[in-house]
Amino acid sequence: MAWLESHLLTATVFFPFAWGLIGLMIPSGNQDPKNAQNVTKYWTLIGTIITFLLSIMIFNRYQAGGPEFQMAETVPWLTVVGISYNVGLDGLSLWLVLLTTFLMPIAVLGSFAAIEIRRKEYYLFLLALETGMLGAFVALDIFLFYVFWEVMLIPMYFLIGIWGGKDRIYATMKFFLYTMVGSLLMLVAIFYISYQHKLQFGNYSMALVDLYRLQLTGGGFWAPQSLLFLAFGFAFAIKVPLFPLHTWLPDAHVQAPTAGSVILAAILLKMGGYGFMRFAFPLFPQGLAYHQNLFMILGAVAIIYGAWVAMVQPDIKKLVAYSSVSHMGYVILGLFSLNTVAATGAYYQMLNHGISTGALFLLVGIIYERRHTREISAFGGISKVMPLFAVAFMIITLSAVALPGTNGFVGEFLILLGSWKTSPLLTAVAALGVIFGAVYMLWMFQRVMFGPVTHKENEDLKDLNFREILVLVPLIIAVFGMGIFPNFVFDKLNPSIDRFIARSTVAVQVQTASTQGLLMAKGK
Amino acid sequence: MLALIALFPLIGFAINGSWYAFFQAPQGRTKSGATIPGIIATTAIGLSFLVSLLLFFELKGLPADNRVLEQVVFNWMNIGGFSLDVAFRLDPLSSLFTLFVTGVATLIHLYSIGYMSHDATPGKFFSYLNLFSFAMLMLILGANLPIMFLGWEGVGLCSYLLIGYWYADMEKASAGKKAFIVNRVGDFGFLLAMFMIFEKFGTLDMSQLRVGVFALAEHGHQLAAADLGIITAICILLFVGAMGKSAQIPLYVWLPDAMAGPTPVSALIHAATMVTSGIYMVARLNFMYNLSPTALEVVAIIGGATAFFAATIAIAQKDIKKVLAYSTVSQLGYMFLGCGVGAYAAGVSHVITHAFFKALLFLGAGSVIHGMHEEQDITKMGGLRSKMPKTFLTFAAGWLAICGIPPFSGFFSKDEILWQAYASPHGSKILWALGAMTAVMTAFYMTRLFYLTFLGTPRFKEANGDDHGKSHGHDVHSENKHAGIAVHESPMVMVLPLQILGVLSIIGGFIAIPHMSWIEHWLDTVIPAHDPASLIAAPSMEWVLMSVSVVGAALGIFVGFKLYADLKKAEELKLRFAGLNKLLENKWYIDELYEATIVRPIHALSVGLWKGFDIAVIDRTVLGFGRVSQWSGQALRVIQTGSLQHYALVLLMGLIASVGYLLYGLA
């Protein structure tokens, strides 16, 4: 117990994978291998629940007013190049860790009926993925972060490639290609700044707290700050995914099994936003200032572009995928607005998107399992045959269109309220998303749920069963809980957001001056 | 205590909602009576009415310049530099609104017990009604703009859910969606206005905002041009929100379609309460509008134009509910006209009298539709006076009230608006003329409706047998269209609300008698009254104008009677003006115009972006990169095909190379 006390983060991070490895050893039982595989899914469910409980312990231990990184652990690793095993947790990590551990049992439970082949591997990959995600959220060593970042990629690659839909190979390749290209640039940048640390302080270091002290030259596109920001930003923007780097997402989502889509949308995409907040912004504030406008514009464009393209999708999953592009556009807009209100909203929007898009994919999965199609036109009038499903679907739809009282509103409202200070014009463009968001969601909802039952196959679809209710209820509670009592989250988030803003804006004054100089020089 | 007003309907929603979700929905489509959920819901909103009444008297007992009750329920959001409470504020204006909203809502809930008695999912229906009441009360009581906005979007949601209540009919579902989306266009304006307010004044609380605005105006006598610009922008953006919710040009198009909902919903949401939110907001923020003549002018012109425009359409509609819907749009225009000339109290008075008589008219129409077994076409009615005597009597009260015949309620409030449109410093003769012409048209189309429905001879085939009450379910359409219609009077539970509203329509106007208007006096602290000296017309004109409008209304009624007494002649007239008639019947083709200029282009653009950009440009570029490395790989004959391992290997080599360079070369 004492060990657990002092190594809580490490324990939480590695527990799922260890649990999964132990699960492999459960005897398959010669007589009835199918049964044994059934054991695996319960085993996995229990494991993810235990992880969730561990994260509750983390939550209880975390003091909002305390030091920046808490429950930190440092073990030297590759000292020659300054790499160490260094984990710790602040408000930014905390809520994404909780989001991950909260959604994992739900994703596992949502897979019970859908996964029929190679269950053992499937659940092991899920658990490995959880370890990768948790690790990335608590890593304070930039190289360690990179390792976890890459580790996540592998299970996801297989989850799509093995248990995916018809075009899974194409989708998983595209996913892999995009992400690898992005992360390579980031890796180069990581080594560059470690080297800079050696130049400035005499030793290599990958520890974030060391790197925050670096003085890197800014000003101009070819300055190190700007290029480094782009190198990191490229990797994160692909992950977010930010328009126009988003085209891997619709394919990956459509082909991935339900749990894959849930985790991909709900957590992996957050890695992008988190990366910006943890690394790209505070490490390269001048680079950020140089590229701020570009990213804000891309964010605003993504909101509208994603909404429009979502509107005309014939496949529900693709629609939800493009809606992610739109919703994550808000996150980018909020983060790059660089003020407390917008940044808090952006962070909150990441959590919201995890909850509501995760829930949407689960809902799509539920009707997919019954009908084996995701074409919107194959449905119609489902409300009549599945009234409980209709209630759940409606609530999640409302969360997605950011109705006040649901979680979505808090995020979008704060983002736009804050970004108005930075750019009224872009905010006005982004706020159009409020209209188009309602258009694509409600239109889809209408075509799937309302009207007469037009297809014979839909006439006796079964309504939600107990397991499915169990999957959806926590999400619905989260939708309203986070909509009505956001302070529950803010209380343990605000100090970290303040630090984030302070670090990211510290050089802005200097930068603005030099940018002006630059502009004037250009003008001549 | 204050929170209780909103809390009761929320509890009612929770009870009925859970009842539906846990017991009705899973067992599926089992019919169950509307009585129990109806009583629960009616009790919930009735309790809220009682609390409103109590608090009204409490407010009345306070000294006039200190009539405010506040309650902070909890802190909603608190982050650096921004804090927002869930807080309620009861002042004379919100008190007035809570009173009539909960009062009318209680009557309509009661009525619904009868109207929805054959519905399959009454638990769902009544939970929606309660949820609506909750949201509406949040809108009214909210002390800050985001809470108001919560109610604002909440009522929009309930409107969406209730319009599409019979969702199996795609047209009804579409009408609901249209309402939501058009309202969202308005909400876009509301949101931007909130952002501007927060940036300029640093608060979203309405009483702090008032202080801030006054501070701005006190710096000099004149506002700085920049400040004035901001205030004007805020006011107009807020008014965009009001255009959506209160169905003004150009965002009125959803309201007529909203008639797809059950009739009690049309009465409650789309006539008496929700659609007046825009007027409430403008009146609430009058301190800002007063500073911006431009914004006021916009409000007045849009209001006047909408009043006139909608009245022209109402003349040619055949569906009893559509006529009433356009009449609602038109009357809402009146209210904005009143606000736009600075006569907020007159606008508010009209909100209240309109709530009485329009709820009455809708419920009366519902009673007719109920009695006629789902027939809504007034050209297929006639002579219902003897068949439905109670409905007829109450409907007549509503008809006279909306026509503006003294001393029925509509007369006083409408006349005050017309007088102010003429005489207020913001008014003009044109605005007055617009309003007066609308009044004549209103009298005419309402008379047409009244005559075609209740008077003359029946134009439907009557059933011989007296089988009423047996075969009319609202989900069973046109079951006995061919068998003839056995018209019957509605049950007591429906007639009683009609009678109460009938009485209110007759006497309700006395709270708004010009010059001794109780309402104006009561609202004094929220809405400072006009200085009589500022009027730009002689007081004697008031009597002249009043006579003109009464004569106008009488003329409208007279023409209506004359014309529809002889239907053949009316037909002939229609043929003579066939073109105009077609234009009006098709609502000036505004829906088609929007479809062609907004909906379809955006849809086409979206398809274009998806196929022409997402797939054709971005994807091809990315895959192009992939292919380049594939070719180079083949050229090097390292690996034969573009398999993943190949990419991985290439990437790995690149990785090792760069790492090696960085570690070794640089160090």
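What share of the contacts in chain A with a separation of 6 or more comes from residues 24 or more positions apart? I looked it up: 80%. I count two residues as in contact if their C-beta atoms, placed from the backbone, lie within 7 Å.

Before going on, a note to myself: this is a predicted model, where local features need pLDDT of at least 70 and side-chain atom pairs count only at pLDDT 80 or more, while totals for chains, interfaces and linings use all residues. Residues are numbered from 1 along each chain as its sequence is written, and chains are lettered from A and ligands numbered from 1 in the order in which they are written.

**Chain A**

I find 22 helices and two strands here; these are DSSP runs numbered from the N terminus, helices being H or I of at least four residues and strands E of at least two. The C-alpha trace spans about 70 × 55 × 40 Å along its principal axes. I checked the radius of gyration (over C-alpha atoms; the globule rule is 2.2 Å times the number of residues to the power 0.38). A compact globule of 524 residues would be near 24 Å, and chain A has 23 Å, which agrees. Of those 524 residues, 63% are buried, meaning 20 or more other C-beta atoms lie within 10 Å of the residue's own, with C-beta atoms placed from the backbone.

**Where A touches B**

I see 56 residues of chain A in contact with 55 of chain B. Helix 18 (residues 424–449) of chain A gives the most to the chain A side, eleven residues. By class, that side has 41 nonpolar, eleven polar and four charged residues. For the classes, Ala, Val, Leu, Ile, Met, Phe, Trp, Tyr, Cys and Pro are nonpolar, Asp, Glu, Lys and Arg charged, and the others, Gly among them, polar.

**Chain B**

Chain B has 26 helices and two strands, and 54% of its 667 residues count as buried.

I picked out helix 5 (residues 145–163) of chain B: 19 of its 19 residues are buried. At 1.5 Å a residue its span should be 27 Å, and its end C-alpha atoms are 26 Å apart, which agrees.

Next I looked at helix 10 (residues 263–272) and helix 14 (residues 320–340) of chain B, whose axes come within 11 Å and cross at roughly 10°. So I call helix 10 and helix 14 of chain B roughly parallel (angles under 35 degrees). Thr263(B), Ser266(B), His270(B) and Ala271(B) in helix 10 meet Lys321(B), Ala325(B) and Thr328(B) in helix 14. I get two nonpolar, four polar and one charged residue for this contact.

How values were computed:
Axes are lines fitted to C-alpha atoms, for helices over the stretch in contact, and angles run from 0 to 180 degrees between N-to-C directions. Angles under 35 degrees count as roughly parallel, over 145 as roughly antiparallel, 65 to 115 as roughly perpendicular and the rest as oblique. The expected span of a helix is 1.5 Å times one less than its number of residues. A residue is buried if 20 or more other C-beta atoms lie within 10 Å of its own, exposed if 12 or fewer, and partly exposed in between; C-beta atoms are placed from the backbone.
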